[in-house]
Amino acid sequence: MIAIYPGSFDPVTLGHLDIITRSSRLYEHIIVVISRNPMKNPMFSVEERLGQIRQATAHLPNVEIDSFDGLTVNYAHKRQAKVLIRGLRVLSDFEKELQMAHTNKTLANDLETVFLATSTEYGFLSSSLVKEIARFGGAIGHLVPDHVAHDIQKWYGKNLR
Ligand code: ADP
């Protein structure tokens, strides 16, 4: 069965990678998809994010990385995916995610949203938190892969804080 894992991944964190790794054991093929829909001030371009996730998942043979424009359900149909994976951390995620799952169900009844609970060590972790810590010079090596930490530090070296 094919599953898609959509998100912004700006940038990918160890929390996302934990969800990807665990999903790759549940489904034959996982497609991690970056939404090309305009995002407010992303730190990294879609192409940069594609590269970051590809490098971080190179050891997982059944994981593919792609990007898409428009509705997630249309992308899922095109790729014949029957499952949409989302991660859940805190209660506030649940409200937002349940609304999105219900909305998607009205658009595509054959697509099931499957929620994976965050691993305990990543329950607090988000892309924006990583950027916030890095902005003030804090250590992020335990939150993102090394190459992503390097890209973030380079970004702050070039851009105003
Ligand atoms: P989006 O803008 O679509 O929410 P994100 O990149 O922020 O994109 O997140 C993509 C998915 O990964 C979401 O389902 C989010 O809840 C999940 N996620 C993000 N961080 C974690 C984490 N630390 N543990 C588990 N799931 C996570």
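One cavity of 30 Å³ or more was found in the predicted model, a cavity being a set of points on a 1 Å grid over the protein atoms alone where a 1.4 Å probe fits but cannot get out. The volume of the largest cavity is about 30 Å³, where grid points are joined across faces, edges and corners and a volume is the space filled by probe spheres set on the points. Its lining, defined as residues with an atom within 4 Å of a point, consists of L84, R86, E97, M100, A101, N104, T113 and F115. Two or more of these residues come from each of β4, α4 and β5 (112–117), and α4 gives the most, with four residues. Helices (H or I, at least four residues) and strands (E, at least two) are DSSP runs, numbered from the N terminus. By class, the cavity lining has four nonpolar, two polar and two charged residues; Ala, Val, Leu, Ile, Met, Phe, Trp, Tyr, Cys and Pro count as nonpolar, Asp, Glu, Lys and Arg as charged, and the others, Gly among them, as polar.

The model is predicted, with pLDDT of at least 70 needed for local features and 80 or more for side-chain atom pairs, while totals for chains, interfaces and linings use all residues. Residues are numbered from 1 along each chain as its sequence is written, and side-chain values use heavy atoms, with hydrogens and water left out.

The largest pocket (an open set of grid points with protein on both sides within 12 Å along at least five of seven lines) holds about 880 Å³ of space. It is lined by 39 residues, of which G7, S8, F9, H16 and R86 are the closest to its centre. Elements giving two or more residues to this lining are β1, α1, α2 (46–56), β4, α4 and α5 (127–135); α4 again gives the most, here with five residues. The pocket lining divides into 15 nonpolar, 15 polar and nine charged residues.

The ligand takes up the space of this largest pocket, on the criterion that more than half of its atoms lie within 2 Å of the grid points. The elements with two or more residues in the shell around the ligand are β1 (2–7), α1 (14–26), β4 (83–88) and α4 (91–107). The ligand is surrounded by 16 residues (a heavy atom within 4 Å), with Y5, S8, F9, G87 and Y122 the closest. Six residues of the shell are nonpolar, six polar and four charged.
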